[in-house]
Amino acid sequence: MRGLYRLYNISVDVFWAMLLFVLPITSMPAVRDLLHINTIASPSVLFLGILAVVWLLPYLIYKGELPVEALPLVGFLVVCLLSLVLSEFINIPTFKFAGIIRPSLSAFVTLLVGIGYLFLTFSRVTTGNAFQRTIFWIYVGGLLMIVWSLMQSGAWFIFKRYPDWMRDFQDLLSLGPLYRQRATGFALEPSWLAHMLNMLYLPMWLSAAVTGYSIFGFRLFKRITVEMGLLILGVLTLVLTFSRVGWFT
């Protein structure tokens, strides 16, 4: 039993690391075909579903605790559910005879996915070591996203075109094409890459750089951290998206 429990913990750790690692991939064709969804087809959703079943539900059943900050979100979820139910009793004009049930359920499922990410993070990141491991895998995924973005921009500015192998690789990971002159990373389009940087990666690296915090022991000249380098590369990637909304944000 002890061996099975250890194997279970290792498997959960691997799924959690993979969820964080593939966050930059937002619209993978294979996931779209598997889940029969249109645009937002992130492989991290697959790992979220697995972890929700094998980790989050058992955690909550066996009296796992969530912070009090989660309570307003639960209230918001209940209000959304009531609105969805009550909308069936309201005569709402449709657009091009499209029903209201399907888009309402789609929006509600999207909300559940977002809450799932938050609750899963609350349940997994409970110690300093768990926090550092979580940050590490986010960094790795973000670094690969930046490297691929810089390769895209380099190919365009040097050759004024993208090699066929680069297009094939992009098609494997994203429903969106490679844009002229603009970096897209693994996202559907450049603005999505800019939003990911603005919402997750740049705030993390900026706060770490300002406070001098680092999950790595290595420092250049005893002051320059890895996070500072990631921040510079992240800002450069943001510039290369040529997303005006991203720049303004």
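Leaving aside its neighbours within four places in sequence, which residues is threonine 225 in contact with? Threonine 225 is in contact with Gly212, Ser214 and Arg219, where contact means heavy atoms within 4.5 Å. This residue lies in the loop between α8 and α9, and threonine 225 is buried, with a relative accessible area of 4%.

## Basis of the report

The structure is a predicted model, in which local features need pLDDT of at least 70, side-chain atom pairs count only at pLDDT 80 or more, and totals for chains, interfaces and linings use all residues. Residues are numbered from 1 along each chain as its sequence is written, and side-chain values use heavy atoms, with hydrogens and water left out.

## Overall architecture

The protein chain has 10 helices and zero strands. Helices (H or I, at least four residues) and strands (E, at least two) are DSSP runs, numbered from the N terminus. Along its principal axes, the C-alpha trace of the protein chain spans about 60 × 55 × 35 Å. Of the 249 residues in the protein chain, buried residues make up 36%. Among contacts between residues at least 6 apart in sequence, 65% join residues at least 24 apart. The accessible surface of the protein chain comes to about 15,500 Å², and 71% of this surface belongs to carbon and sulfur atoms. Accessible areas come from the Shrake-Rupley method with a 1.4 Å probe; for residues, only the protein chains shown count as cover.

Pockets are found on a 1 Å grid over the protein atoms alone: a pocket is an open set of points where a 1.4 Å probe fits, with protein on both sides within 12 Å along at least five of seven lines, and lining residues have an atom within 4 Å of a point. Grid points are joined across faces, edges and corners, and a volume is the space filled by probe spheres set on the points.

The largest pocket has a volume of about 1,200 Å³. It is lined by 32 residues, of which Ile40, Val45, Thr110, Val113 and Tyr117 are the closest to its centre. At least two lining residues each are supplied by α1 (2-21), α3 (43-61), α5 (101-124), α6 (128-159) and α8 (190-211). The largest share of this lining, nine residues, comes from α5.

The second largest pocket has a volume of about 220 Å³. Its lining comprises 13 residues, and the closest to its centre are Asp13, Trp16, Arg124, Ala130 and Arg133. Here α1, α5 and α6 each supply at least two residues of the lining.

The table gives the composition of both linings by class. Ala, Val, Leu, Ile, Met, Phe, Trp, Tyr, Cys and Pro count as nonpolar, Asp, Glu, Lys and Arg as charged, and the others, Gly among them, as polar.

| Pocket | Nonpolar | Polar | Charged |
|---|---|---|---|
| Largest pocket | 19 nonpolar residues | 12 polar residues | one charged residue |
| Second largest pocket | six nonpolar residues | four polar residues | three charged residues |

## Helix α7

In helix α7 (residues 164-173), the buried residues are Met166, Gln170 and Leu173. Seen down the axis of α7, these residues fall within an arc of 70 degrees, so they line one face of the helix. The arc is that of the directions from the helix axis to the C-beta atoms. An α-helix has 3.6 residues a turn, so residues three or four places apart point the same way. On the other side of α7, Asp164, Asp168 and Leu172 are exposed. The cover over the buried residues of α7 includes α2 (29-35) and α6.

## Selected loop and helix residues

The loop between α9 (226-240) and α10 (244-248) holds serine 243. Serine 243 is buried, with a relative accessible area of 3%. Not counting residues up to four places away in sequence, serine 243 touches Arg182, Pro190, Ser191 and Ala194. Phenylalanine 242 also lies in the loop between α9 and α10, and counts as partly exposed at 29% relative accessibility. Phi of phenylalanine 242 is near 50 degrees, a positive value in a residue other than glycine.

Phenylalanine 221 is found in the loop between α8 and α9. Its phi is near 55 degrees, a positive value in a residue other than glycine. Phenylalanine 221 is exposed, with a relative accessible area of 70%.

Valine 14 lies in helix α1 and is partly exposed, with a relative accessible area of 45%. The C-alpha atoms of valine 14 and phenylalanine 47 are separated by 9.7 Å, and the two residues are 33 residues apart along the chain.

How values were computed:
Buried < 20%, exposed > 50% of the residue type's maximum accessible area, 1.4 Å probe, protein only.
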